[in-house]
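Work through the following exercises with the model open beside you, and try each task before reading its solution.

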Amino acid sequence: MKTISVQRRDRVGKGATRAIRRKNLAPGVIYGNAQPPVAIAVDPRVIDKELDTGVFFNTVYKVDMDGTSEKVLPRDVQMHVVRDTVQSIDFLRVTDDTKVKVNVPLHFSGVDKNRAVRMGGRLQVVCRELAIMTTASTIPTTISVDVSEVKFGGIVRISNIDLPSGVVANTKDDSVLVSLKAPRGVSASDLDDDL
């Protein structure tokens with residue numbers, strides 16, 4: 001589990017926030033778990049680096065503050081509209097059993113093994129991440145979607161994928177995740193029946 005060092009802030013409000021930013025820090029807050037919120041300041045370069053991983057919002061971190069630590073899940077990051085730098089961040093306190101809603105990236109595997117793709121079919125990704133409900137200790141980094149057997153005109157829905165144990169899709173409908181189109185100018189019926 002990665003650790004992020006933060007400083008406790010005694011003052012809040014616009015003036016205190018400006019003072020924090022003048023020190024090249026980003027203001028933030030840690031809240032939740034039936035405890036009072038704590039105002040913090042964090043090095044925005046650390047947050048930028050974690051944002052670049054692509055899994056920042058579905059990763060549980062350990063926050064180190066004044067010699068104590070607690071588990072948190074990033075919930076919101078405000079970016080500067082011009083400079084694209086971190087302006088503020090919110091963390092949610094969690095335990096291993098805390099139920100959380102997160103969006104997890106989808107990884108499409110088996111593309112190179114798919115016969116229809118090798119024959120010129122176009123794989124169209126409709127959804128690149130999936131909203132899920134799970135405990136903080138079982139958040140997957142990615143969810144794998146096997147497309148090796150998808151045929152021309154075929155689709156893969158949420159109900160067609162195997163979710164990890166303890167993970168439930170947090171959607172109201174059975175959305176299409178990916179479809180496979182026949183090559184341009186060719187209908188699926190013109191191609192081999194087994195595809």
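**Exercise 1. Determine how many residues of strand S6 are buried, and find which strands pair with S6.**

The model is a predicted one, in which local features need pLDDT of at least 70 and side-chain atom pairs count only at pLDDT 80 or more, while totals for chains, interfaces and linings use all residues. Residues are numbered from 1 along each chain as its sequence is written, and side-chain values use heavy atoms, with hydrogens and water left out.

Next, look for the partners, given that two strands pair if DSSP finds at least two bridges between them. Strand S2 (residues 26-32) pairs with S6 in the parallel sense over four bridges, and Gly28 has Ile89 as its bridge partner in S6. Strand S5 (residues 68-79) runs antiparallel to S6 and is joined to it by seven bridges; here Val77 has Ile89 as its bridge partner. S5 and S6 form a hairpin with six residues between them, and Asp84 in the turn has a positive phi of about 55°.

**Exercise 2. Classify the aromatic pairs of the structure.**

A pair of aromatic rings is described by the distance of the centres and the angle of the planes. Rings of Phe, Tyr and Trp (its six-membered ring) pair if their centres lie within 6.5 Å, and planes under 30 degrees apart count as stacked, over 60 as edge-to-face and the rest as tilted.

The structure holds two such pairs. The ring centres of Phe56 and Phe57 are 5.2 Å apart with the planes at 70°, so this pair is edge-to-face. Phe56 also pairs with Tyr61, at 5.5 Å centre to centre and 50° between the planes, which is a tilted arrangement. As for accessibility, Phe56 is buried at 2% and Tyr61 is buried at 0%, whereas Phe57 is partly exposed at 35%.

**Exercise 3. Describe the surroundings of Asp146.**

Asp146 is found in strand S10 (residues 143-146), and its relative accessibility of 48% makes it partly exposed. Leaving aside neighbours within four places in sequence, Asp146 is in contact (heavy atoms within 4.5 Å) with Ser109 and Gly110.

Definitions and conventions
Buried < 20%, exposed > 50% of the residue type's maximum accessible area, 1.4 Å probe, protein only. Helix = DSSP H or I, 4+ residues; strand = E, 2+ residues; numbered from the N terminus.
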